[in-house]
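Subject: Structure handover

Hello,

Here is the structure for you to look at. My notes come after it.

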Amino acid sequence: MSDTALGSEEFVVLVDDRGAAVGTAAKASVHHASTPLHLGFSCYVFDADGRVLMTRRALSKRTWPGVWTNSFCGHPAPDEPIGDAVHRRARQELGLTIERVVCALPDYRYRAVAADGTVENEVCPVYCAAAVGDLHPSPDEVMDYTWVSWPDLRSAAQLPWAISPWAAEQIPLLDASGVV
């Protein structure tokens, strides 16, 4: 399913406090000072050497432009299985095929406020995956990227200004989960 499944506009799934779907909304309308709770996901992609891909969000991104974060994030479209959405966004953002996709933090939820007042408010399962082939990031999504060791990433997470607030929270949780 494409992210434009309901027409030319991308939609997100609105959820209640238990994570159950309660409706949909245009993605362009949900990220503001009072963002409704909605479904998203984060993914950390690892290479054959065990390094994790960190990306810097394009300056044209509506939320958190220019911020370093996990490999990629996204929102499943209405009626799209979240695993399918993870694969779709890996192709769209990174031009990358992924395999061995594992949901490491199924119950992760966060709320973060950007400097411009935009709020992220998501039930956001966190995935880990292995990269297959070369990376071809979309310049509309990614302005820079780097592969880092997990210990270096753990250190970066201790400096919350260095990476996105969700990544700074997720990294210690992933570390404690034993999946990484």
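Predicted model: local features only at pLDDT ≥ 70, side-chain atom pairs only at ≥ 80, totals over all residues.

Numbering starts from 1 along each chain as its sequence is written, and side-chain values use heavy atoms, with hydrogens and water left out.

Volume here is the space filled by probe spheres set on the points, which are joined across faces, edges and corners. The pocket is lined by 22 residues, and K27, R57, K61, T63 and H75 are the closest to its centre. Lining residues have an atom within 4 Å of a point. Two or more lining residues come from each of α1 (27–30), β4 (41–46), β7 (72–74), α2 (82–94) and β10 (119–123). Helices (H or I, at least four residues) and strands (E, at least two) are DSSP runs, numbered from the N terminus. The lining has ten charged, six polar and six nonpolar residues. Asp, Glu, Lys and Arg count as charged; Ala, Val, Leu, Ile, Met, Phe, Trp, Tyr, Cys and Pro as nonpolar; the others, Gly among them, as polar.

**Cavity**

The structure holds one cavity of 30 Å³ or more. A cavity is a set of points where a 1.4 Å probe fits but cannot get out.

**Cores**

The largest nonpolar core has 25 residues; Y44, I171 and L174 touch the most other members. Such a core is a set of buried Ala, Val, Leu, Ile, Met, Phe, Trp, Tyr and Cys residues joined through side-chain atoms within 4.5 Å. Buried means under 20% relative accessible area, exposed over 50%, partly exposed in between (1.4 Å probe, protein chains only). α4 gives the most, with five residues. A second, separate core of 15 residues includes A85, V86, L94 and A129.

**Loop residue**

D140 lies in the loop between β11 (126–132) and β12 (142–148). D140 counts as exposed because its relative accessibility is 56%. Not counting residues up to four places away in sequence, D140 touches A58, S60 and K61 (heavy atoms within 4.5 Å).

Best wishes

Key
1 Å grid on protein atoms, 1.4 Å probe; cavity = no way out; pocket = protein on both sides within 12 Å on 5 of 7 lines; lining within 4 Å.
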